[in-house]
Amino acid sequence: MSELNNTNQQFYALPGGVHPPENKAQSNQQPIQAGPIPDELVLPLSQHIGAPSKVIVEIGQKVLKGELIARNDGFISANIHAPTSGTISAIEQRPIVHPSSMDAMCIIIEPDHYDTWTNRSPILDFKTLTNAQLVEKIQQAGIIGMGGAGFPTHVKYPTKTDNIDTLIINATECEPYITADDRLMRERADGIIKGIEICQQILSPKQVFIGIEDNKPEAVKALEAAVLKSESNNISVRVFPTKYPSGGEKQLVYILTGKEVPKGGLPSQVGIVCQNIGTIYAIYDAVMNDNALISRVTTVTGDAGGELGNYEILIGTPINALLSHVKWNEKSAQRVIIGGPMMGFTAQNLSAPLVKNANCLLVPKKKELAKQNPANPCIRCGQCEQVCPAGLLPQQLHWYAKNDDFEKAKLANLADCIECGACSFVCPSQIPLVQFYRYAKGKIREEDRAHAEAERAKARFEARQARLDIVAAEKAEKRKIRAEKAARSAKAKKTGTVPDADLIAKARAKIEAGKAANSSIVAPIIDLVSLEQTLEKAKTKVITTKKRIEDSKVSAPEMIDALEIALGKFVDNANKAQITFDEAKKAGTNTAQIVDPKTTAITNADNFECIESLTAKANKAQDKLEKAKQRLADAKENTPEKVEMLTTSLEKFSQKAIDTQAQLKAFTSKANSNTKASEQVVNQKEVEQVDVEQLQNAYDLAKQKHEKALVRLDNAKQDKPHLVDGLEKNVSAFLKKSEELKKHLDQAVANDPQALEKQKNVAKQKLEKATKKLENILQKLEDAKANKPDLVPAFEKTVILMQTQFEKAKAAVTALENSPITVQSELNLSQPEMIVEVLETVEELQPQYDQALQKYEKALVRLDNAKQDKPHLVDGLEKNVSAFLKKSEDLKIKLDQALSNDPQAKQKQRVILEANAQKAQKKLDVMLSKLEDAKANNPDLIPAFEKSVKTLQTKLDKANAQLKEEA
Amino acid sequence: MAFVNITSPHVVGHNSVTLMMGKVCLALVPALVALTYFFGWGYVINAVLAVSAAVFFEVIITLLRKRPILFAIKDLSAVTTALLLALAVPPFLPWWATIIGIFFAIVFIKHLFGGLGHNPFNPAMAAYALLLISFPLQMTTTWSIALTETQSLLSFGDTLTAIFKSSNIDSYTGATVLDVYKHNVAALTQNEITQNPIFGSFVANGWEWVSLMYLLGGVFLIWQKVITWHTPVSVLGGLLIMSVLFSYDADTSTSISLHFLAGSTMLGAFFIATDPVSSATSNLGKLYYGVGIGVLIYVFRTWGPNPDGFAFAVLLMNFCAPFIDHYTRPRTYGQDKATRGYKA
Ligand code: SF4
Ligand code: SF4
């Protein structure tokens, strides 16, 4: 037994409010009577705020009273049970109780009138259950807020509730006419208190207030008596003066605690949970008696209502079934109002069912409720302001709404209007103010949605743009780096430090790259599936939330804000999911493309082709799946009869998609192992028949890498000394690799009779490529000159680079064509001693000598430069210089020898020299004309050209000098 | 069966514009009686004349605007306006001046701005100001001298002739007490001024009673929730502050009691400043609005050319009302701070 909690009279006065005639006596005199079992029960799938429930029965199926017939779909949704035993006769669109008189999906039950219960397991002591079990029971029973909005109750009871200090039980029933809660309290107070105790156990609040108006003294008495019997000692019944709308959730919170629910927020933000008394009773019934929410107490009242009173009706009872049960006076009825006279709405179709939150059926006679007079204009009398419980300026809101000035209406806090109708009630001009607010709210919501949509589209666009920008930037960066590298490698080559390379390592690197790409193709695809799922989920959430908002527009305007916030979040999530999904998809495809060329060279190309085609297939399947889903969603809205068919095909598609993905997975793993296998093959060093071509390529690559490493090392030496050690190691590693490769290459060349041929081919190919590239770039340069003068310098640089490359390639080819050994000399400048006696002809020696000389000169220049700003390079360069010098001297000797050996040598030399001189002359001419051009058009290029002209001039002079000498 | 789709609320109170305006008119009756008792039939005749003219013009203009006539007349707003003007102007004002005033109030101020509820200015006060500017002589010299033991009142018939024929009734007319006091206070002391019989024995012979009747009517309106206390209290408060600050010495300026009990102070505070259409709307706004009027009344009375500046004070504050409204929005439930001004 608890101590007596005296009826506490403490309260905070509600600002504003009105006193409409109460009209409660008509219906609160008789005890609650059983309602009829009608000929059919109509159970809408969406009686609550949130996702519509999912049907789990079939047409023709027999159901028992209390049997689950539709399951909640997600957290914010509610179960629906059969209110009596019978047969499911249809699942179809039916008119429902809705201000806009719409149809909705309903389960129709044809009662068998036996009213046979399903198995229930009542309990004696709820304290044996955990909080989670209690909440589970509430959720199972399909309980929703029975006072108005119909918000699923279990949502208010998260299992972790450490911040709730007050539980408020709304027993206000402030609307005129309605007495359902009044009677419930009078007759079932003990159950109500039990229900409160259950909620107390879940929430463990410091205090529980039962808020009740002073026009229900019997109910107060009954509750107090029940509280006395209760073991709980912090329940207090708080009685306060009757005034409409003190039963509004926000208003009641203020009246009882003096706290205000923050704008756009929920009571839980101030540590309060609010619960309607009817809901509390339903909780009791569900937890203790295992009764699902299948019936409720509804008031039938109004002068044309017949046998007025409160009826415990089965959920889903059609309005006209109840009305004829109470023998209403159809002829004198003016209208039928669902809910109270202040906030209820006119029923449009009497075959619509009464649902879980239908607390009243008001059937007034023609004269009973004042008919609405034509409205006068607003005279700004301010009466409305005096009664507004939300602290608004209704007449300004009205003005803004009327003029479609929604910005100002928002500014005047239209959203905080609870549509209580107090302002309309007092308005001397009898303006239907609430109607204006509903209109404006709807419009604002529409606008906001459109705006949000636009914002989201913009965000999406910007995100995409940013992504593209990044990609572009990366590309540009890569291009730049490549160009630099090329430049440096060209330089490095000439410095003579060109290293050897290791074929196997190179090959392995290749394989590894392939493998990595290969395995990463699997990952994204697996990812894709889960991402796709996430995306779908997010999308569904968005859709259901949108729907919910639509619903709550009518039934629970106060929820809309919260829902809209949620919607925003969901939409964000969906977008994010979409982006991730897209990216993953793209990455997947990219990988496939990247992988392909790399690996085919070494591994089983077939596999990858398969993978590619399979990926494509998987993508297609997914596409189809998505489309099917889309169609299904459409159909759900427009052509319900197609839904079934579409669902089947959807399933097929998804099966297909899954299959394809499985195949793909299988193939990728196979490809993977194949790659591994071929790796092993290559790993066997003794395999002699390694292709020379491959080796050559590998060697080239290794060399490049080594060069890069060198460049990096140089840079690091200058500004990142701490990296030097690591980089040096790198360099030596690369060097080693390339050396090894070189060895292998040599071996291969030695082993392979056609090696030389092949080498030649490689070199030729390179030359071709270089030529093409050069041509290309020249073309581009021309273009640029014509159209984009600002790009010209860049292109010119490239041209020079390409030219060098081209010349190199050409030299290599020439060398190879002449002799396998020469190429060695070209490739291994550091080992000039490898040059052995061959029968060089003068023709061959002369260009070689010239080249060596050139190189020597260049090396000298570089040495000079290095002396000035890169002292650490001087040593290496000096060696270079001497090497070149030696080479050119050697060549000179040979040339001389050859000259002396060859009787025609002199002649030949002369021809060559003449050709040289001519070439130089030509070049000079070209350059000069270019210079002229530049002078006319591109003055900033003049210095560069002038320099070239000078160099060419010197060359020409030299050539002429040589020629003279010879002569 | 087909039902009309009526949205909530389905019950409405029994309030109506007619009822409100009716109550205002009713609340004016005691003052009209007192005026007639002390100053003769002129007020009654003016009232009838003004109301008839107002209804006439209202009918004409609603006809022209193609609006339902009965609906417009029924709301009694034209009647109220006419009554207020009739009580504010001198009792012997020539008939044509009254008609012009009503014409201006109904046609120009009310209907040309869009009809009931749309007029930015109080029609009665706008008309009053127009008359004062256009016909200053008629508006200042046709006041009736109050009934005393020595001073009799003009008979009903003579009053009619005076109003309609402008016959000479010099011995019955004069300026208002405020006027007299204002013009003499520079030369005379309070005692000397109040020797003038028009001041009577109490404050201002007859005027004090009329003011008290206005007050009575005003309290009735507050009780009936036709108006709230905010406007009248702040008007009187504003005036009080100014008169305490500047009129503490009745020998040098109009006395505090005269400010409150003579002239149209009470009429203005309870019946004119509270005109809903043209005043500020929120409770806080009404306070600012009222104080503004109170202060301006004093300013116009003391430093302006006219003896009573009520009309100008009200009109000036009418200008400010929309602005005041924006900066005095009440705090909405759940808000930490009220949204005020023109931006969120
Ligand atoms: S109660 Fe009606 S007439 Fe008065 S201000 Fe409000 S909306 Fe206008
Ligand atoms: S309907 Fe809105 S504006 Fe009117 S009184 Fe209620 S809360 Fe205030």
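**View 1. A salt bridge joins Arg331(B) and Glu260(A).** In this predicted model, the closest N and O atoms of Arg331(B) and Glu260(A) are 2.6 Å apart. The interface of chain A and chain B holds 2 salt bridges by the rule applied. Polar contacts also cross this interface: 21 residue pairs are found, both residues of each pair being at pLDDT 80 or more.

**View 2. Several elements of chain A touch chain B.** Those that give two or more residues to this side are helix H4 (249-257), strand S16 (345-346), helix H7 (383-387), helix H8 (394-402), helix H9 (406-411), helix H10 (422-426) and helix H11 (433-495) of chain A. By class, the residues on the side of chain A that touches chain B are 36 nonpolar, 19 polar and 11 charged.

**View 3. Chain A and chain B bury area between them.** The buried area is about 4700 Å², with 54% of it on carbon and sulfur atoms. Of the area that chain A buries against chain B, 15% comes from Ile379(A), Arg380(A) and Leu411(A), more than from any other three residues. In terms of contact, 66 residues of chain A meet 47 residues of chain B.

**View 4. Two helices of chain B cross.** Helix H4 (residues 77-88) of chain B and helix H6 (residues 123-134) of chain B have axes that come within 8 Å and cross at roughly 40°. The crossing of H4(B) and H6(B) is right-handed. H4(B) makes the contact through Thr81(B), Leu84(B), Leu85(B) and Ala88(B), and H6(B) through Pro123(B), Ala124(B), Met125(B), Ala127(B) and Tyr128(B). Of the residues in the contact of H4(B) with H6(B), 8 are nonpolar, 1 is polar and none is charged.

Key:
Residues are numbered from 1 along each chain as its sequence is written. Chains are lettered from A and ligands numbered from 1 in the order in which they are written. This is a predicted model: local features need pLDDT of at least 70, side-chain atom pairs count only at pLDDT 80 or more; totals for chains, interfaces and linings use all residues. Side-chain values use heavy atoms; hydrogens and water are left out. Contact means heavy atoms within 4.5 Å. Buried area is the accessible area (1.4 Å probe) that two parts lose on being put together, summed over both. A salt bridge is a side-chain nitrogen of Lys or Arg within 4 Å of a carboxyl oxygen of Asp or Glu. A polar contact is a pair of N or O atoms within 3.5 Å; within protein, one must be able to donate a hydrogen and the other to accept it, and residues adjacent in sequence count only if both atoms are side-chain atoms. Helices (H or I, at least four residues) and strands (E, at least two) are DSSP runs, numbered from the N terminus. Ala, Val, Leu, Ile, Met, Phe, Trp, Tyr, Cys and Pro count as nonpolar, Asp, Glu, Lys and Arg as charged, and the others, Gly among them, as polar. Axes are lines fitted to C-alpha atoms, for helices over the stretch in contact, and angles run from 0 to 180 degrees between N-to-C directions. A crossing is left-handed if the near helix is turned anticlockwise from the far one by less than a right angle, and right-handed if clockwise.
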